[in-house]
Amino acid sequence: MINISFFIPAYNCAETVAESVDSIMETNFSDGDELIIVNDLSTDGTPSVLESLKKKYPVITIVDHKRNKGGASARNTAVEHAGNPLLFCLDSDNVLEKNSITPLKKFLSEQDAEIAAFHEIRYFSKSTAAVDEIWDHPTGIFTIEDLLCGKLNPGGSGNYLFTKNSWVKANGYTEDLGALDTWSFGFKQLMENCKMAVMPGSYYFHRRGHESYYMRDAWSKRRSVSLRLIKLIINYIDRIDPRDVDYIFSKKGRYSWFDNLSKRPIRLLEGDVRDAVWEDHELKKGVAGTIKHKARYYQTRLSQILGKK
């Protein structure tokens, strides 16, 4: 049996983390699995709650950061300590449905995929018995083209099953994007050709709350999301249609391209078509046509943009 390393990035989650842990351990944890919790230097009662959970479930591994590094770093630390080939990240305020992981793991194997995500995100405020809203991902195989045309991205939630190998391919979670770490991680997995499958009829519970990492760092700074994600796009410049690259860097697009994906999708190019389209781009006049030089060109442009903010 292939085992799972569950992991939870924990920061100031004293009121919610016990429910998250119980939802793993009570019905979703199998012999040989492990649960790693990374305490990102919490300043509330989280450390004492984690100590109590360790007494309740001795199999838990707790790793303490000596300074606050952010969610992405906590996730990467957890994966670095993981000993199993499958990984499942559960945020410290979210809850798994009973007996939901075994079917998801079976689905991953049946689909010969590296990523298996739940179909529905069931939002709740106080109790999972009272769901406020349901978001549903398109079922079946979810592609990078789906993501870049604005479809709800399973990777964005951050709570899904994936192989450790896909984490290696994606070079881990990006640590300088704040709460955009999960969206960017899913993006990188797909750009590295990791197969992502969404299991019909499956779901997990996502807690609402204005104190969540995403609400604090991304939603409250909405105008900066598109601009911050340009740093991610630069690494894949040679696969993106140069007309779309110019749109992303334009005065209009740099603050809005991410929110407008459903209206203005980003197109990918492959092989000879990609080479031919880039050959006609203005870059041919000034720099060599390699990804290294393209990336350097756009990194310089991004630095200029950020310098004018």
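This is a predicted model: local features need pLDDT of at least 70, side-chain atom pairs count only at pLDDT 80 or more; totals for chains, interfaces and linings use all residues.
Strand E6 (residues 115-124) and strand E9 (residues 161-163) pair in the antiparallel sense, with two bridges between them.

With strand E10 (residues 196-207), E6 runs parallel, and nine bridges join the two. With strand E7 (residues 131-136), the pairing is antiparallel and spans five bridges. Here Ile121 stands opposite Trp135 in E7.

| Partner of E6 | Residues of partner | Sense | Bridges |
|---|---|---|---|
| E9 | 161-163 | antiparallel | two bridges |
| E10 | 196-207 | parallel | nine bridges |
| E7 | 131-136 | antiparallel | five bridges |

How many of the ten residues of E6 are buried? Nine of them are, and the strand is mostly covered.

Now follow the chain out of E6. A hairpin of six residues joins E6 to E7, and Ala130 has its place in the loop between these two strands. Is Ala130 buried, partly exposed or exposed? Its relative accessibility is 44%, and because that value falls between the 20% and 50% cut-offs, Ala130 counts as partly exposed. Leaving aside residues up to four places away in sequence, Ala130 touches Tyr123, Phe124 and Ser125.

A second residue worth a visit is Asp146, which is found in helix H5 (residues 144-148). Asp146 has a relative accessible area of 15%, and because this is under 20%, the residue is classed as buried. Which residues does Asp146 touch, not counting those up to four places away in sequence? They are Ile141 and Lys151.

Stepping back to the whole protein, there are 13 helices and ten strands. Of the 309 residues, 53% are buried. Among contacts with a separation of 6 or more, 76% are between residues 24 or more positions apart. The accessible surface of the protein comes to about 14,400 Å², and carbon and sulfur atoms hold 50% of that area.

Notes:
Residues are numbered from 1 along each chain as its sequence is written. Side-chain values use heavy atoms; hydrogens and water are left out. Helices (H or I, at least four residues) and strands (E, at least two) are DSSP runs, numbered from the N terminus. Buried means under 20% relative accessible area, exposed over 50%, partly exposed in between (1.4 Å probe, protein chains only). Contact means heavy atoms within 4.5 Å. Accessible areas come from the Shrake-Rupley method with a 1.4 Å probe; for residues, only the protein chains shown count as cover. Two strands pair if DSSP finds at least two bridges between them.
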